[in-house]
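Colleague: I'd like to go through the labels on this model and hear what backs each one. Can you put it up?

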Amino acid sequence: MDIISGIHLYQHVLEPTRDNNILDLLLTSEENVINRVEIRAPISNSDHNAIFFSVVLNTGQYEDNSVKYAFHKTDFRKFRDGILEVDWEREFCNLSVIEMTERFNTFMMDKIKECVPLLKNSRNRRVPKWMTNAVKQLRRKKERMWKKYKMSGLYTDYEEYKVVRNIATQGYKVAIKSFETKLAKNVKNDPKSFYSYLNSSKQEKDGIKSLINAKKELIIDKELMCNMFNEFFNSVFTDENMDMRNVKLEENKKVDRKDYLYDLEITDQSVFAKLKKLKVNKAAGIDNISPKLLCELADVLVKPLTIIYKASIDTGLVHQSWKQANVIPIFKSGSKNQVSNYRPVSLTSVVCKVLESMIKDCIEQYLIKHDLIEITQHGFVKSKSCLTNLLEFFEYCANHLDTGSAVDAIYLDFQKAFDKVPHMRLLLKLDSLGVYVESCTIG
């Protein structure tokens, strides 16, 4: 089995095929081409069980025909000049926040089409990222020496070709090793490049080839698979009982009513700081506004965005595009044919994420100021992490064991915890902590 794993083969038989032993193996060079392996009764007088399995034949890659833009090649000067030509206060005058956002999105989309070139699909002629100019020269020299030998047929020319070939091969190895070492060292700062190279090295690209529905049928139609994911992801959400509006949680006595968090201050400076901190390599949301644009053009986009954010906070309204997302199913573990083994990752509007981040910072500062976060809370708390939690737990256990005491640990995992958070009760909880929430304020 170590040899099989070492040569990158996948063994799909996981149940005994003769008595209690797995003696009959099913090996493939690609993991996802085999589905539904079943161990059945032996055929005829054989003492080995029969192995039944399905082979996925639709291994072709999904052709994404959507329009994609090369934001790293944007004409930022032309884009900036176009934004500066607009008087945003006059443009947004007497408009609702929904209309403001709609006009802003339309303007940005028009400028993207004008200033950002389309991303060319060069998959068939893509040059490996590790190939330097020196390696390209060696490859061209090797090709020239081969042509020379083919034309002359002389043994001396073949010997010269072999020398150049060996030098080029060694150059390839050195270039690949140097490139991979650089990627590995920079994985924390640039994980996208690391995993992009890793995925490009696979013979088979990741993808969902098929699913099994409730009737145990193999589904390969892409639209049907999308519907299956949609139904499953919707089914796990908590269907909140609206009667919770009439329930008031006990107020936290640590906070005086006069210290309640009633408002969120949004300034040009705070919006600008958030825009400049955006990770430019992240994907855009459904509005197609890339974080690369928002970061590079922060100085000229800060004005319209500040107006929109203030109006959104004042009215409690957001544009529909801020509520929509491109949902990607990410495989967790188990069988890749079961929708329950996937979790959804939502790519939402980056413009909306900036406002969400500002609201989060404001609430976090308020909770810290009034000492409303339990000292045992480590996740999502500044200067704390899983590591600090582990260190405290380790110290606690070590101290008790040193004194001869016993320590019992119970580990709990809430299934789909974030998906199942009841929003109405969350708002009531925030209100009880002194965060003024108009939609759930009672009395």
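Modeller: Here it is, a predicted model. Of its contacts with a separation of 6 or more, 60% are between residues 24 or more positions apart.

Colleague: What makes two residues count as a contact there?

Modeller: Heavy atoms within 4.5 Å of each other.

Colleague: What share of the protein is called buried?

Modeller: 29% of the 443 residues.

Colleague: Then why is Phe179 called buried?

Modeller: Its relative accessibility is 18%, and buried means under 20%, so Phe179 counts as buried. Tyr197 has a relative accessible area of 15%, so Tyr197 is buried too.

Colleague: Why is the pair of Phe179 and Tyr197 called edge-to-face?

Modeller: Two steps. The ring centres are 5.1 Å apart, and the limit for a pair is within 6.5 Å. The planes stand at 70°, and over 60 degrees counts as edge-to-face, so that is the label for Phe179 and Tyr197. Phe179 sits in helix H6 and Tyr197 in helix H7, 18 residues apart. The whole structure has 18 aromatic pairs, and ring pairs also join Phe229, Phe232, Phe233, Phe331 and Tyr342 into a cluster.

Colleague: On to H11. How do you know that its span is close to the expected one?

Modeller: H11 runs over residues 298-315, which is 18 residues. From first C-alpha to last it reaches 25 Å, against 26 Å expected at 1.5 Å a residue.

Colleague: And where does H11 bend?

Modeller: At Pro304, by about 30°; that is the angle between axes fitted to the seven residues ending there and the seven starting there. Pro304 is also one of the buried residues of H11, along with Leu301, Leu305 and Tyr309 among others. Their cover includes helices H2, H4, H9 and H12. Just after H11, Gly316 has a positive phi of about 75°.

Colleague: What makes a set of residues a nonpolar core?

Modeller: They must be buried, of a listed nonpolar type, and joined through side-chain atoms within 4.5 Å. The largest such core has 49 residues, and Phe79, Phe104, Leu294, Leu305 and Tyr309 have the most contacts inside it. H12 gives the most to this core, with nine residues. A second, separate core of 10 residues includes Leu211, Met228, Phe232 and Tyr342.

Methods:
Residues numbered from 1 in each chain as written. Predicted model: local features only at pLDDT ≥ 70, side-chain atom pairs only at ≥ 80, totals over all residues. Heavy atoms only, no water. Buried < 20%, exposed > 50% of the residue type's maximum accessible area, 1.4 Å probe, protein only. Helix = DSSP H or I, 4+ residues; strand = E, 2+ residues; numbered from the N terminus. Expected span 1.5 Å × (residues − 1). Phe/Tyr/Trp six-rings, centres within 6.5 Å; stacked < 30°, edge-to-face > 60°.
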